[in-house]
Amino acid sequence: MNKQISLLYPKASCVIRRISTPRARCDSELQPRAKSDPQQLVGVVGLEVHAQINSNTKLFSGSSVRFSAPPNSLVSPFDASLPGTLPVLNKRCVEAAVMTALALNCTINKKSLFDRKHYFYADLPAGYQITQQRRPIAVDGTLTYSILGGKKRSQVIRRTSTIKQIQLEQDSGKSLHDDLRSQTLIDLNRAGVGLMELVMEPDMSCGEEAAAAVRELQLILQALGTCQANMSEGQLRVDANVSVHKPGEPLGVRTEVKNINSVRFLSRAIDYEIQRHIQVLQRGGTVQNETRAFDSKSGETIPMRDKEGLQDYRFMPEPNLPPLIVYEDNASLPTGIDACQAVVVQEIRAGLPELPSIKRDRLVQTYGILPEHSFTLVNEDGLVEYFEAVLKATTKEPRKVIGWVTNELVGHLKQRDMSVSQSPISPSALAELLERQESGHISSSVAKQVFQEMWRSPGKTASQIIQEQDLGLVSDATQLHSICQKVVDSHPVEVHAIRNGNKKVLNKLMGLVQKETKGRADPVLVRAILQEKTS
Amino acid sequence: MSLFSLSAKCTCRAVSMKSHRPSFNLLTNDGYSVTKVENLHRRNRCLQSHITRVTRLLSSEPHHSKVPKVATWELIPEDQLPPPAHLPADLVDQLERLALVDFPTKQGLACLEKAIRFADQLHVVDTSGVEPMDSVLEDRALQLRHDAVIEGGCAEELLQLSKNTVEEYFVAPPGNIPLPRREERATMMKHSEL
């Protein structure tokens, strides 16, 4: 991305080099550098997340919620905003919002109100969206996420972002633009589906933090079951509000970035937008308050045609809906109320499943693994189960197994963009391989080789491959002695150096021995023999 | 009495005039009052129902009207109201854009300003310490619906409502066509008139 910028703005390229990249700025180690440069503009990022509630029916009508269905087949008269229809609130959506709010440490508003947000667009048949602007269902929460920082990006740094409010609102329909015939095709299947809008305070500073926060949010929502949080399917939509300013000064003009379809693109879009703001200001211009769309192909943000200046939504209370009341516990329920008409916060709190952060701590406690390992375990879908299955089938310590799972397995999966469930190596097969290594049949470098071979030919067990390719450790003393002797004889200079006190040269001789034996020599034995021969 | 209340529904302008009219006019079924009624009500069937109601009322006790004999509302003096709102042309343009309503003529604008002035009377009311009410339903319970599918699957019926559909999709013009600016609209209107 920096190369692109230097091509477009050759004069500015030298300036850019002085400003450290946003990613580096996020790293806690580089803080001292930021203070020394007074021209430093930092990015300010606030996210607006729309999470589609995982429910059977829509927020205010009884029509079905499904991802793909024939166009306009999941539409009720209310969704099409036909006259004479009224909204009826879905209890499951309220419970989902309360559950999410509790998981994010929010304060639940016992009484919340519904409003109308007016704007004209073909996929919003009513001309307004029912939302909760004045008094949402929950306010003041926190989202704790972790980014990998430190020298080797292996240190887990905890960050907290404040959630301003969580509100229930309606989704709009889908519009397909047909530029050929200059028309838009409207599908109202999605119109009226319940959304939880999470408005976050602008307390993040770069794309990496935003991406980590959204990833954590995805894990939380998936664990709760309130949202499937799949960004590519549109179940989780993130808009980023980006601005730059000098630390301590008031916030700069912000722009909104939309049309981001994955966590990776989110990070790139935000970083690009921060850079764009910085460049505009460096050139002496002013940043326009506008909405921009992210183009994943070019990695740039482009202004959106349809937005004309600042929108005035003319918020008005929803006259058809009384206030929404949720009750703290069964004791505070008014007499004579039907149980199925009441949402009780205490009950929902009692039914909360294990959240990702708790799970991570539990894994560290139970297995004695490092926090960054448990981070990776919980981050990948199904990896915890895989890890635990391997542990069951092997006698190896969890700390020794974890490296294989988080480095080897995950590395191979990521390379081929596969999920854990698609892994050609089953937990039991990996366990067998580790057993062979543990028992001394093969060395660790050979084990990695066997792993790759197992990946290429699924179905073959580790033992089979070791036998076929004769990869067993050579522990035969006489054979090793003769090889070592050969190496020692052919390298008198090195032997002389070792005898004079330079012990590090021994490693070179070891390397030569390993080359002779094609890496199958037992390193411990080889070292002992060489030391004996060169003493 | 029903005569007056019906007249109030039909033409609001009539209310202030009719409220202080003495009630004995109702009981005399002379042609004069009937004709007056005819002038006010454009529909004949109202007249028919009045005559029947008049005859019914004749048989009851003297009726105590809730409608005051003298007008009870009074004009609020101008000095009590906040200064009149001046609407710059840009604001009018923005309002037209937001609500998609048209104020093409000076009369329309004058009507809007008068309406705002009328609403300014609300400022005279002292609302300190009063919790604003935004819905008459505020003390009713919000009904919660069980999460089960009970409607949908009526694509054909819905599509029939639109005259322009393509393969089960509704058709709309591309994107959001922004309302042309004031000057452009004036020229467009002139052209359409020609």
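Me: What makes the order 9(A)-10(A)-3(B)-2(B) an open sheet of four strands with antiparallel pairing?
Reply: The open sheet has four strands in the order 9(A)-10(A)-3(B)-2(B), with antiparallel pairing. Strand 9 of chain A and strand 2 (165–166) of chain B stand at the edges. Each has a single partner strand, so one side of each lacks a neighbour in the sheet. Strands here are DSSP runs (E, at least two residues), numbered from the N terminus. The model is predicted: local features need pLDDT of at least 70, side-chain atom pairs count only at pLDDT 80 or more, and totals for chains, interfaces and linings use all residues. Residues are numbered from 1 along each chain as its sequence is written, chains are lettered from A and ligands numbered from 1 in the order written, and side-chain values use heavy atoms, without hydrogens and water.

Me: How do you know that strand 9 and strand 10 of chain A pair?
Reply: Pairing takes at least two DSSP bridges between two strands. Five bridges join strand 9 (residues 174–178) to strand 10 (residues 183–187) of chain A. The strands therefore pair, and they run antiparallel. A:L176 stands opposite A:L185, and A:K174 stands opposite A:D187.

Me: Why is B:E157 called exposed?
Reply: Exposed means over 50% relative accessible area (1.4 Å probe, protein chains only). B:E157 has 57% relative accessibility, so B:E157 counts as exposed. B:E157 is found in helix 8 (residues 155–160) of chain B; helices are DSSP runs of H or I, at least four residues.

Methods
Buried < 20%, exposed > 50% of the residue type's maximum accessible area, 1.4 Å probe, protein only.
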